[in-house]
Amino acid sequence: MMRNRILIYVLGFASILYTGCTDLQEVRLDEAEFGAEAEVVSGAIAPAYGYVSWVWRHTNYYGLQLIPSDEAILPYRGGQDWFDGGKYIATHQHSFTPTNDLIGDGWNEVTTNISRTLSALEVLRPLAEQGDSEALSALHEMIALRAYLNMLMLDSWGLVLRKESSSELSEVLRGSDAMDYIQSELLSVVDVINTDRGPGRLTQAAVWGLLARLHLNAAVYRDPYGTPNFTQEDMNAVIQYTDNIINSGSFSLSPEYFDLFNDDNNSNPELIFALDQRGQLRREHSRWAYWSISGDMFPRPEFPSADGTDGPAFPPDFFQHWVDAYGDVDPAEADARFFQRNTIVPEELQDLTGLSPLNDEDHFYCMVPEEFEMDRGVLRGIKWGPRKGDDGAFITCDGGVRIYPLQLRTGNSPARDVGYIDHTLEIDFSTEGSYHNTGYRCAKYQFSRTSPNGTNFSSVDLVLMRLAEIYLMRAEAKLRNGDTAGALADVNTVRASRTARPEQTPPPLASIDLEIMLRERGFELYWEGFRRTDQIRFGTYEDSWTEKTSSDVNKRLFPIPQSAVDAASGIDGFLEQNQGY
């Protein structure tokens with residue numbers, strides 16, 4: 001039995017030491033920020049649910065899933081932005097070490113959130129034992145939330161933390177022990193947890209989905225460094241739990257793919273579990289909307305400070321999957337999930353021959369600021385949007401703002417100030433490959449229209465589980481069990497569902513194998529935090545792609561942050577570093 005015992009407060013102390021002089025205390029979400037009433041049950045669960053926002057922050061766990069995979073790369077932009085001690089470069093190249101800040105911050109926020117679930121459980125258990133039905137219901141949710149967070153720990157660091165009381169020692173479980181513990185936690189609540197709280201709360205359907213994920217990845221979780229052995233028993237469990245969700249009739253696939261990531265997505269019937277924001281979280285996740293897009297794009301012209309950050313982009317390798325799938329047909333025309341055109345440039349303005357920001361003063365169209373909507377999905381080439389003048393204010397027109405081809409005003413590219421932003425396919429860690437315009441960008445999430453400043457208090461829920469993933473998990477389990485026809489039918493069900501733009505509804509696949517299955521998960525779930533885990537499960541994580549050649553299987557798990565190991569060093573054998581570090 002691979003078990004160690006460790007004080008969870010030691011881990012928390014390590015987190016504080018590791019982040020040093022940060023604003024961790026300042027940004028912790030309390031029940032007021034989550035919008036909960038000042039009563040015991042809501043006050044107990046709000047900090048635990050609300051902190052999920054900080055776990056999935058772009059520079060915490062979200063970036064930790066995105067950057068090591070083949071779907072995202074973040075160079076040192078123009079030798080000016082996003083170096084951050086080299087943590088993103090090292091993470092993408094799989095050369096990370098126990099002192100990597102991205103890994104440390106991800107660990108700190110997940111362990112902090114686990115501590116918050118424990119605090120909630122200690123409040124709720126006595127009330128539940130006294131017969132408080134609301135407390136009992138909330139107790140089940142906190143058990144499920146703790147299991148979910150421990151799944152994040154298991155997936156990234158190969159361990160979980162088991163602890164039932166703040167006065168007790170915690171246990172560190174690995175391998176099969178960790179898998180069994182999470183399974184037992186989820187099974188303990190699956191038949192009694194609520195069924196109708198909506199996607200912002202953990203429900204029976206969400207627990208079924210977590211159990212399906214657990215069994216789908218069980219072969220990797222039991223033996224993270226070996227060749228996965230996908231048992232029929234595990235795959236049957238995946239099929240059973242996904243069947244429960246699909247056959248419940250409580251969810252349906254969204255005809256418009258990008259509606260899943262819009263302001264009103266809380267009511268989208270495809271969502272099963274999401275971080276419920278709806279204008280309540282001050283430090284919310286417009287970061288998923290703005291991290292990738294150009295720093296010269298202003299998606300909400302009514303808020304001049306709301307822009308992008310020129311963060312990560314798609315490596316050419318990931319775009320090649322779309323090319324392989326559709327050949328001579330542009331994926332924007334072939335697949336509604338790839339792109340949604342919202343910025344409709346008048347035909348007479350589309351030809352930019354001979355134009356540049358130096359001579360295009362009259363080459364614009366006018367739009368009311370509140371009506372501007374940027375394109376979504378995979379952003380390529382020259383994009384249009386509001387432009388600022390030398391005084392830093394938007395250039396206006398009668399009743400609105402002028403919409404121009406975006407001027408490159410950020411970074412040190414030779415095209416700065418004199419050229420347009422042209423998102424190119426090629427991006428790498430070279431000087432030319434790191435300019436602020438390089439790389440196709442991801443704009444999956446809408447900039448919230450309910451936000452008072454374009455960034456905070458968004459109403460766009462952060463999607464953590466949805467019905468399409470459930471279909472794809474069932475398809476993969478069927479495929480690994482030899483039911484190719486059943487797998488193909490499930491994948492084609494998802495593809496056929498995106499009917500809002502019929503000309504871009506992806507056509508049905510004629511056949512499927514594991515390579516196409518992985519590709520299809522990439523098309524449906526890109527930049528939602530699944531790709532690293534998928535690549536490990538499908539055996540491609542040790543492959544080479546842009547700026548990444550490492551084939552070290554030890555990199556499937558991240559190192560435990562050195563600060564956490566050091567903080568536990570006084571207790572012999574309590575927290576051992578992961579293999580290979």
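## Burial and an aromatic pair

A residue counts as buried when its relative accessible area is under 20%. In this predicted model, Phe319 has a relative accessible area of 11%, so Phe319 is buried. Tyr440, at 12%, is buried as well.

The whole structure contains 31 aromatic pairs. Such a pair of rings is described by the distance of the centres and the angle of the planes. One of the pairs is formed by Phe314 and Phe318, which are stacked, with 5.7 Å from centre to centre and 10 degrees between the planes. Both Phe314 and Phe318 are buried. Phe319 and Tyr440 form another of the pairs, and this one is edge-to-face, with 5.1 Å between the centres and 85 degrees between the planes.

## Confidence

How high is the mean pLDDT of the protein chain? The mean is 90, and 91% of the residues reach 70 or more. Confidence is highest in helix 17 (residues 467-480), with a mean of 99, and lowest in helix 2 (residues 24-27), with a mean of 28.

Over residues 1-38 the pLDDT stays under 50. For this stretch the model has 97 contacts beyond four places in sequence.

Strands of a sheet pair through backbone hydrogen bonds, either parallel or antiparallel. Here, an open sheet of three strands has the order 5-7-13, and the pairing is antiparallel. Strand 5 (339-340) and strand 13 (441-443) are the edge strands, each of which pairs on one side only.

Strand 7 (residues 376-379) pairs with strand 13 over three bridges, in the antiparallel sense. Within this pairing, Val378 stands opposite Cys442 of strand 13. Cys442 counts as buried because its relative accessibility is 3%.

## The disulfide

A disulfide is a covalent bond between the sulfur atoms of two cysteines. The count for this structure comes to one disulfide. Which residues does the disulfide join? It joins Cys366 to Cys397, with an S to S distance of 1.9 Å. The link of Cys366 and Cys397 is right-handed, with 85 degrees about the S-S bond.

Cys397 has a relative accessible area of 19%, so Cys397 is buried.

## Two covered helices

Helix 4 (residues 40-50) is mostly covered, with nine of its 11 residues buried. Among the buried residues of helix 4 are Val41, Ile45, Pro47 and Tyr49. At the start of helix 4, Glu39 has a side-chain oxygen that reaches to within 3.1 Å of the backbone nitrogen of Val41.

How many residues of helix 20 (residues 531-538) are buried? Eight of its eight residues are buried. They include Arg531, Arg532, Asp534, Arg537 and Phe538. Just after helix 20 comes Gly539, which takes a positive phi of about 80 degrees.

Gln446 is found in the loop between strand 13 and strand 14 (462-466). Is Gln446 buried or exposed? Gln446 counts as buried because its relative accessibility is 9%.

The side chain of Gln446 reaches the backbone nitrogen of Asp263 at 2.8 Å. Leaving aside neighbours within four places in sequence, the residues in contact with Gln446 include Phe261, Asn262, Asp263 and Arg300. Glu373, Arg376 and Val460 are also among these contacts.

## Ala218

Ala218 has its place in helix 12 (residues 218-222). With a relative accessible area of 0%, Ala218 is buried. Apart from its neighbours within four places in sequence, Ala218 is in contact with Met179 and Asp234. The C-alpha atoms of Ala218 and Trp384 are separated by 46 Å, and the two residues are 166 residues apart along the chain.

Note on methods:
Residues numbered from 1 in each chain as written. Heavy atoms only, no water. Pairing = 2+ DSSP bridges. Helix = DSSP H or I, 4+ residues; strand = E, 2+ residues; numbered from the N terminus. pLDDT = per-residue confidence, 0-100. Contact = heavy atoms within 4.5 Å. Buried < 20%, exposed > 50% of the residue type's maximum accessible area, 1.4 Å probe, protein only. Polar contact = N/O pair within 3.5 Å; in protein donor to acceptor, adjacent residues only side chain to side chain. Disulfide = S-S within 2.5 Å. Phe/Tyr/Trp six-rings, centres within 6.5 Å; stacked < 30°, edge-to-face > 60°.
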